[in-house]
Amino acid sequence: MKLIFLGPPGAGKGTQAELTSQRFGVAHISTGDMLRAEMREGTKLGLEAKAYVERGELVPDDVIMGMIAERILKADCAGGYLFDGFPRTIAQAEALSKISDIDIVINLEVPPEVIVRRIGGRRMCAGCGACFHTSTFDGDFCDKCGAALYTRDDDKPETVANRIEVYERKTKPLVEFYQKLGLLRTVDASGSPQSVQERIDALLGDIR
Ligand code: ADP
Ligand code: ZN
């Protein structure tokens, strides 16, 4: 099974992608997590990406495609994979179609006020990259690895506004792109993580 999670920042892509990857035993490929790991380790790619990520801009397509082409060859991808935060431009989607088929694209839909609230309370683990929300987790340390939690630089209000604008301009056209290919399924992502997961499960039941 090969799938894509599409949706604006704060739609819950990361949370749902993690739950779904565990449930179906497919690799979870988050370009955002991959970029943050490169930035933490201070690699050449990480340094190049940092300037874009911090401004809420997209990292250039060729950098992203290089990462993806390498990633899907890894052993854990043999049983399928799930993309979270990729593709984010029509150019990335077209490049992807040349290196992989896709079974289904899940489009997570949320009203703007929910996006702002979700990103506002988001905390990340400095050690393992796990994601938390102040509404459901009130500690200062990760319950998985014990490292400190922090607010992502690009979750600051000014940057969030730019990320939403970039989403509208560059990523939203993918909804129509995948609709035309007959791959798009839209899910109401405004409820609790569990209720959204149930809606996703119902969709994936048929293609498993
Ligand atoms: P969110 O989905 O909450 O916006 P992500 O963790 O997916 O956050 O992405 C964080 C940042 O990483 C993006 O704002 C962008 O700068 C960069 N990024 C992630 N994935 C891509 C991609 N596929 N193409 C270009 N830039 C990306
Ligand atoms: Zn952790």
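This is a predicted model: local features need pLDDT of at least 70, side-chain atom pairs count only at pLDDT 80 or more; totals for chains, interfaces and linings use all residues.
Residues are numbered from 1 along each chain as its sequence is written, chains are lettered from A and ligands numbered from 1 in the order in which they are written, and side-chain values use heavy atoms, with hydrogens and water left out.

Helices (H or I, at least four residues) and strands (E, at least two) are DSSP runs, numbered from the N terminus. One open sheet is formed by 5 strands in the order E2-E3-E1-E4-E8, with parallel pairing, where two strands pair if DSSP finds at least two bridges between them. Its edges are strand E2 (27-30) and strand E8 (184-188), each of which pairs on one side only, and the twist averages 20° from one strand to the next. Axes here are lines fitted to C-alpha atoms, for helices over the stretch in contact, and angles run from 0 to 180 degrees between N-to-C directions.

Within this sheet, strand E1 (residues 2-6) and strand E3 (residues 81-84) run parallel and are joined by 4 bridges; Leu3 stands opposite Leu82 in E3, and Ile4 stands opposite Phe83 in E3. E3 also pairs with E2 in the parallel sense, again over 4 bridges, and there Ala27 stands opposite Tyr81. In a regular strand the side chains alternate between the two faces of the sheet. In E3, Tyr81 and Phe83 point one way while Leu82 and Asp84 point the other way, and all are buried, a term for under 20% relative accessible area, with exposed meaning over 50% and partly exposed in between (1.4 Å probe, protein chains only).

Another open sheet has 3 strands in the order E6-E5-E7, and its pairing is antiparallel. Strand E6 (131-133) and strand E7 (149-150) stand at the edges with a single partner strand each, so one side of each is left without a neighbour in the sheet. Strand E5 (residues 122-125) is joined to E7 by 2 bridges, and the bridge partner of Met124 in E7 is Tyr150. Helix H6 (residues 112-120) lies across E5 and E6, running at about 40° to E5.

Turning to the helix pair, helix H1 (residues 13-24) and helix H9 (residues 193-204) pack at an angle of about 50°, with their axes 10 Å apart. H1 and H9 are therefore oblique to each other, given that angles under 35 degrees count as roughly parallel, over 145 as roughly antiparallel, 65 to 115 as roughly perpendicular and the rest as oblique. The contact (heavy atoms within 4.5 Å) is made by Thr15, Gln16, Leu19, Thr20, Arg23 and Phe24 of H1 and by Pro193, Val196, Gln197, Ile200, Asp201 and Leu204 of H9.

Ile200, which lies in helix H9, is buried, with a relative accessible area of 0%. Leaving aside residues up to four places away in sequence, Ile200 touches Phe5, Gln16, Thr20, Ile106, Leu108 and Val187. Ile200 and Val187 are 13 residues apart in sequence and 7.1 Å apart in space, C-alpha to C-alpha.
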